[in-house]
Amino acid sequence: MAGGSSPAFRPGDPLGIRRVLGRAGLLPQQADAVDPSLPIAEDELLVEVESLNIDSASFKQISDSCSGDVKKIEEAILGLVARRGKQHNPVTGSGGMFIGRVAQVGPKFPVQQKPVKVGDRIASLVSLSLTPLSIRKIVKIHPEIDRVDIEGHAILFASGIFAKLPTDLPDTVALAVLDVAGAPAQTRKLVHPGQTVVVVGGGGKSGVLCLYEAKRKPGVRTVAVDYSQEGIQRLQSLPFVDHVIQADARNAVEVMEKVRAATGGHLAEVVINVANIPETEMSCVLSCRSGGIVYFFSMATSFTRAALGAEGVGADVDLRIGNGYTEGHAELALGLLRESPELRKLFTETYC
Ligand code: NAP
């Protein structure tokens with residue numbers, strides 16, 4: 001009900017600060033817990049959630065801690081969300097995003113800037129680590145693609161961003177792409193013609209999008225590093241990947257030597273880290289040329305390990321934190337799937 005007929009709206013709060021529980025002065029992302037209860041505030045959006053796309057590093061951590069037992073994963077997610085009021089993994093610090101149907105639009109939600117109406121199907125583009133969430137029931141967990149189908153509601157603040165789900169792509173494909181949309185969008189900014197680009201963890205969702213995006217620039221040479229045989233085979237089938245390296249990204253020296261061999265000693269101007277496990281920072285630093293850029297999109301990245309590690313080996317490289325948001329990132333990422341038959345086939349086969 002756009003405009004809202006209920007008189008019981010909370011006061012407006014564009015950053016969601018009033019929903020923070022515990023210590024005052026924190027933003028919802030910093031807070032240990034938030035209050036996902038109803039009614040919404042006059043400038044909030046209420047969404048009936050269909051699926052969560054849990055951040056890959058987070059899902060892997062939860063799954064590993066439950067020995068891959070789906071029942072235990074379900075209990076862990078329910079317990080976490082009940083305690084924190086958001087899907088915010090305390091170990092990885094990361095969240096993910098959701099898709100769902102808009103159930104209510106607060107009368108002061110900024111619909112001029114963010115057009116939306118009740119019934120629209122949307123994907124959130126802000127992290128679940130700050131999004132008030134209440135799960136009534138877990139319908140199904142899809143461990144192989146980090147997706148959890150639920151019944152429940154989420155609340156977006158006036159400052160939040162979202163994308164209307166496209167009609168030309170399956171929802172689950174759009175969900176997978178939008179989750180990592182920041183990575184190819186940043187790649188477009190970072191990579192220049194003629195450069196060599198290494199993508200560590202290249203066989204995953206964000207990896208293949210980054211590799212494709214990098215290769216769109218003239219003369220770019222793409223190198224992908226991945227671990228599993230499955231990931232390697234996937235990468236070898238993609239025409240926009242020039243070199244595929246099978247290595248454990250936690251083994252920095254092995255990765256550097258293989259990248260050096262693949263690039264004739266050149267190494268890379270841009271290294272992108274999209275591995276979903278910890279301790280992969282130094283393979284990226286060592287694969288980067290002096291003066292180059294290492295872009296850490298992975299949520300398993302340690303600032304300390306990257307910064308002190310680079311200093312420790314005297315690597316004069318530019319270390320960048322992977323901002324999940326870049327203006328226009330959702331359309332850019334979805335556009336890559338529309339452009340590339342190989343990407344579309346891969347995402348459809350994997351996520352449908
Ligand atoms: P994904 O699809 O699970 O891909 C991760 C890749 O890392 C897989 O191909 C995996 O290969 C590879 N990998 C795992 N262990 C490895 C190892 N030891 N050596 C080499 N490669 C290894 O993940 P994603 O969804 O693309 O996400 C990638 C990262 O981005 C995650 O850390 C996620 O948390 C992060 N992320 C960041 C943001 C942001 O806003 N900055 C947003 C979303 C996601 P295997 O096949 O071998 O397992």
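1. Which residue has a polar side-chain atom that lies 2.7 Å from an oxygen atom of the ligand? In this structure, which is a predicted model, that residue is S228, whose side chain supplies the polar atom in question. Two further distances involve the backbone rather than a side chain: a polar backbone atom of A275 is 3.0 Å from an oxygen atom of the ligand, and a polar backbone atom of G324 is 3.5 Å from an oxygen atom of the ligand. Taken alone, the ligand would expose 920 Å², and the protein buries 88% of that area.

2. The surroundings of the ligand deserve a careful look on the 3D view. There are 26 residues around the ligand, and those that come nearest are D55, S56, S206, D226 and S228. Sorted by class, this shell consists of 10 nonpolar, 10 polar and 6 charged residues. The elements that contribute two or more residues to the shell are helix 1, covering residues 56-65, and helix 5, covering residues 205-215. At the level of domains, the shell takes at least three residues from domain 1 (17-165) and at least three from domain 2 (182-351).

3. Strand 3 runs antiparallel to strand 4 (residues 96-105), to which 9 bridges join it, and L46 has Q104 of strand 4 as its bridge partner. Strand 3 also runs antiparallel to strand 7 (residues 147-156), here with 8 bridges between them, and N53 is paired in this way with R147 of strand 7.

4. The bond that joins L38 and P39 is cis, with an omega of about 10 degrees. P39 is located in the loop that lies between strand 2 (33-34) and strand 3.

5. S67 has a phi of about 50 degrees, and its place is in the loop between helix 1 and helix 2 (70-84). D146 has a phi near 60 degrees, and this residue lies in the loop between strand 6 (133-142) and strand 7.

6. Are S67 and D146 buried or exposed? For S67, the relative accessibility is 70%, and because exposed means over 50%, this serine counts as exposed. For D146, the relative accessible area is 10%, and because buried means under 20%, this aspartate counts as buried.

7. L15 and S159 are 144 residues apart in sequence, yet their C-alpha atoms are 5.9 Å apart in space. L15 is found in the segment before strand 1 (20-21). With a relative accessibility of 43%, L15 falls between the cut-offs of 20% and 50%, and it therefore counts as partly exposed.

Definitions and conventions: Residues are numbered from 1 along each chain as its sequence is written. This is a predicted model: local features need pLDDT of at least 70, side-chain atom pairs count only at pLDDT 80 or more; totals for chains, interfaces and linings use all residues. Side-chain values use heavy atoms; hydrogens and water are left out. A residue is near a molecule or strand if one of its heavy atoms lies within 4 Å of it. A polar contact is a pair of N or O atoms within 3.5 Å; within protein, one must be able to donate a hydrogen and the other to accept it, and residues adjacent in sequence count only if both atoms are side-chain atoms. Accessible areas come from the Shrake-Rupley method with a 1.4 Å probe; for residues, only the protein chains shown count as cover. Helices (H or I, at least four residues) and strands (E, at least two) are DSSP runs, numbered from the N terminus. Ala, Val, Leu, Ile, Met, Phe, Trp, Tyr, Cys and Pro count as nonpolar, Asp, Glu, Lys and Arg as charged, and the others, Gly among them, as polar. Domain bounds come from an automatic or database domain assignment. Two strands pair if DSSP finds at least two bridges between them. Buried means under 20% relative accessible area, exposed over 50%, partly exposed in between (1.4 Å probe, protein chains only).
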